[in-house]
Amino acid sequence: MKYLYMGSYIHLCPKMKYKGEFDPSFLLEPEQYTWHPFNECVPLLDKYLYVPFANPSLATRPIEERDAPEPKAVVVHKPTLSNQALSSLKVIQSTGSDGTLRVVPCTVSHYWESNDHRNLMIMTAEELGEQLAGEVIFKMESS
């Protein structure tokens, strides 16, 4: 095989970086339909959001810091439920081979250790209200 087309390349997408690791590697310029060496294109792609490689002077605005993906913030929800209400929340901890469910208080389950799961259970319980939330059994998916 002389050539292999590996599909689209999006420079800001980390999952596509592997495509440039093959040597030789070329990118197709979409306006003139000409092929350009990947290594010559990278500095332009690092600087601009869009670059016609055949005519780099027509590049769009430079990449700014705000174009970079935001780091994922850890949000911790402060519950408005009483400690008694939090203790009454229940979650399915596991399912036995015979289909029996092991239900435990949310606050002692392994799901409580995850900010995402804990926040979801607390916010749902707050929306339901303390009385109804105490009657609900949460079924969480592992992340």
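Visitor: Is T60 buried, exposed or partly exposed?

Guide: In this predicted model, T60 is partly exposed, with a relative accessible area of 34%.

Visitor: Where in the chain is T60 found, and which residues is T60 in contact with beyond its neighbours within four places in sequence?

Guide: T60 belongs to the loop between helix 1 (38-47) and helix 2 (83-88). Leaving aside neighbours within four places in sequence, its contacts are Y48, L49 and Y50. For Y48, the separation from T60 is twelve residues in sequence and 6.2 Å in space, C-alpha to C-alpha.

Visitor: How many helices and strands does the chain have?

Guide: There are four helices and five strands. Along the sequence they follow the pattern β-β-α-α-β-β-α-α-β. As for contacts, 35% of those between residues at least 6 apart in sequence join residues at least 24 apart.

Visitor: What share of the chain do buried residues make up, and where do nonpolar side chains tend to be in soluble globular proteins?

Guide: In soluble globular proteins, nonpolar side chains tend to be buried together. Here, buried residues make up 27% of the 143 residues in the chain. The largest nonpolar core has 15 residues, of which L89, V91, C106, M121 and F138 touch the most other members. Helix 2 and helix 3 (115-128) each supply at least two residues of this core, and the largest share, three residues, comes from helix 3. A second, separate core has ten residues, including Y9, C41, L45 and A59.

Visitor: Which residues is V91 in contact with, leaving aside neighbours within four places in sequence?

Guide: The contacts of V91 are R102, V103, V104, C106, S109, Y111, M121, I137, F138 and M140. Among them, C106, M121 and F138 are also listed with V91 as residues that touch the most other members of the largest core.

Visitor: Is Q93 buried or exposed, and which strand does Q93 lie in?

Guide: Q93 is in strand 3 (residues 90-95). Its relative accessible area is 17%, so Q93 is buried, the limit being 20%. Not counting residues up to four places away in sequence, Q93 touches R102, V104, S109 and H110.

Visitor: How many salt bridges does the structure hold, and which side chains meet there?

Guide: Side chains of opposite charge can pair when their charged atoms come close. The structure holds one salt bridge, in which the side chains of E141 and K139 meet at 3.0 Å, N to O. Both E141 and K139 are exposed.

Technical notes:
Residues are numbered from 1 along each chain as its sequence is written. This is a predicted model: local features need pLDDT of at least 70, side-chain atom pairs count only at pLDDT 80 or more; totals for chains, interfaces and linings use all residues. Side-chain values use heavy atoms; hydrogens and water are left out. A salt bridge is a side-chain nitrogen of Lys or Arg within 4 Å of a carboxyl oxygen of Asp or Glu. Buried means under 20% relative accessible area, exposed over 50%, partly exposed in between (1.4 Å probe, protein chains only). Contact means heavy atoms within 4.5 Å. A nonpolar core is a set of buried Ala, Val, Leu, Ile, Met, Phe, Trp, Tyr and Cys residues joined through side-chain atoms within 4.5 Å.
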